[in-house]
Amino acid sequence: MSVELLDLIKNYRIVCYDDDYVYKLLKNNWDLFSYLNTDLTKGLGNDQAIEILLNDADFISNLLLNRKRDKALFFYMNRKIDMLLKDLGVSMLLPHYDTQERLGNKLYLSGICKKLGLSPNKSLNFKVIPNDLDGVYTKCRETLGLPFIIQGALGVSGEDTFLVDQEKDMNKAMANINGEFRATRYIKKNIPISVHVCILASEIIVRGPFIQLLGFPELSSNPFQFTGNDTNQSLFNQSFVNKVRDLSLRIGEYAKTEGYMGILGIDYLWDKGNGAIYPQELNTRLIGLTRLLTGVQKDQLIFPDLLRHIEEFDTPDYSDKCNGLYRKDIDLSRHDYSQVIICNNLSGDVTVSNYITPGIYRLADNALYMVKPSLFVCDMEDHDILITQSVHKNQILRPGGIISRVIFKRSAINNGTYGLDSTIIRIISLIRGMSTNTYAQS
């Protein structure tokens, strides 16, 4: 997630968990620090790995140069990580975690919309999981209709989002949700979109709207799992873009009054049936779109929003490369960009048979060939394929487990439709087959 910063900031270090190819590749040229884990079959989540690092006193002592001066930047946090940082006396390049959690809780979105005079999708909030699930199902059915959606209050990437059509679906959903949850009306014909907001003391920068990739069986069997973003604007007219930007600016201004600074992701559901745009979720953190946009901005010699974010919390020591970066808008007139997350899209577990070395690839003769050992978007040619992350050999992936993250200097969807491009589908299938010996399920 943070690789694009390596050639921009001098006083910056990526902390890795694994001793793997990516660590060795980047260590050749950049200041990296690693826990040097060599058991690459476990596949820990980012939060689990961070907790292990922060709990290791010897590792932290070797890592930190000055606890009062050093600051941490995370792309995902939880309450436990926040507590560990406080115990260590290390501050963050992020808003206070209480602010992150308060604004990012899905249960509070309807109240925020009410304060701003916005119209959210119809929903019901539940602070605890009731004992009477039959009664909850009945209330949701009567208020929201069938089917309806159940979501955990603080979940990410759609992993705790479920479609409920019968009482048995409700029980299954509740078995996978801990604590607070939200039920919302299901919109059958919708297109999910994302907006990247950067809240600064001097201004609020709004990037987007951008298409969010969800519900494509070629990418994941979970129709609600986040599987990427696309800069393609062919589905939007200028009036729509202006409306989404205005909504995002108003939400950003509200978040600022609540003490939130830096990057904020806003997800919307665009109801194609009636044209309504519903605020769906506030992602009070650096988001998947941040990785793509940082690469795009560097590729176009634009001073990245991620650096503007960091400036709100610290004074970075920039490299000479930053002298050639300008503060301007992204230009999509030549081509689009997209980021695709390829997951296990089967109903059962799969075992990873081969590690795909991250780097820049090219498609030729129905096969992928590495052309450059780089993780920078600016090193790509227009038809190149950048594999930024790949699952390690012998890992067992459950349904929805991430196989690979890929960036393209082109749109992943067909112009004017919410459907994957045929060439992108072929590349997805090739990467899936290279890693797991299985192919896209459609």
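## Helix H2 and what covers it

Strand E1 (14-18), E2, helix H3 (57-63) and helix H4 (79-88) are among the elements that cover the buried residues of H2. The model is a predicted one, in which local features need pLDDT of at least 70, side-chain atom pairs count only at pLDDT 80 or more, and totals for chains, interfaces and linings use all residues. Residues are numbered from 1 along each chain as its sequence is written, and side-chain values use heavy atoms, with hydrogens and water left out.

- Helix H2 covers residues 46-55, and its buried residues are Ala 49, Ile 50, Glu 51, Leu 53 and Leu 54.
- Buried means under 20% relative accessible area, exposed means over 50%, and partly exposed lies in between (1.4 Å probe, protein chains only).
- Helices (H or I, at least four residues) and strands (E, at least two) are DSSP runs, numbered from the N terminus.

## The whole chain

- The protein chain has 12 helices and 20 strands.
- For 442 residues, a compact globule would have a radius of gyration near 22 Å, and the 21 Å of the protein chain agrees with that. This radius is taken over C-alpha atoms, and the globule rule is 2.2 Å times the number of residues to the power 0.38.
- The C-alpha trace spans about 60 × 55 × 45 Å along its principal axes.
- Of the 442 residues, 55% count as buried.
- Among contacts (heavy atoms within 4.5 Å) with a separation of 6 or more, 66% are between residues 24 or more positions apart.
- The chain exposes about 19,600 Å², with carbon and sulfur atoms supplying 47% of it; the areas come from the Shrake-Rupley method with a 1.4 Å probe, and for residues only the protein chains shown count as cover.

## Nonpolar cores

- A nonpolar core is a set of buried Ala, Val, Leu, Ile, Met, Phe, Trp, Tyr and Cys residues joined through side-chain atoms within 4.5 Å.
- The largest such core has 62 residues, and those with the most contacts inside it are Leu 5, Leu 6, Leu 54, Phe 74, Met 77, Leu 85 and Leu 307.
- A second, separate core of 56 residues includes Val 197, Phe 216, Ile 251 and Val 352.
- Not counting residues up to four places away in sequence, Leu 5 touches Tyr 12, Leu 306, Leu 307 and Ile 310.

## Helix H10

- At 1.5 Å a residue, the 12 residues of H10 (residues 288-299) should span 16 Å, and the 17 Å between its end C-alpha atoms agrees. The expected span is 1.5 Å times one less than the number of residues.
- After H10 comes Leu 301, with a positive phi near 55 degrees.

- Tyr 35 sits in strand E2 (residues 32-37) and counts as partly exposed, at 27% relative accessibility.
- Beyond its neighbours within four places in sequence, Tyr 35 is in contact with Cys 16, Tyr 17, Ile 52, Leu 53, Asp 56 and Phe 59.
- The side chains of Tyr 35 and Asp 56 are joined by a polar contact of 2.8 Å. Such a contact is a pair of N or O atoms within 3.5 Å; within protein, one must be able to donate a hydrogen and the other to accept it, and residues adjacent in sequence count only if both atoms are side-chain atoms.
- Asn 366 lies in the loop between strand E16 (359-364) and strand E17 (367-372), and is partly exposed with a relative accessible area of 45%.
- A polar contact of 3.3 Å links the side chains of Asn 366 and Arg 426.
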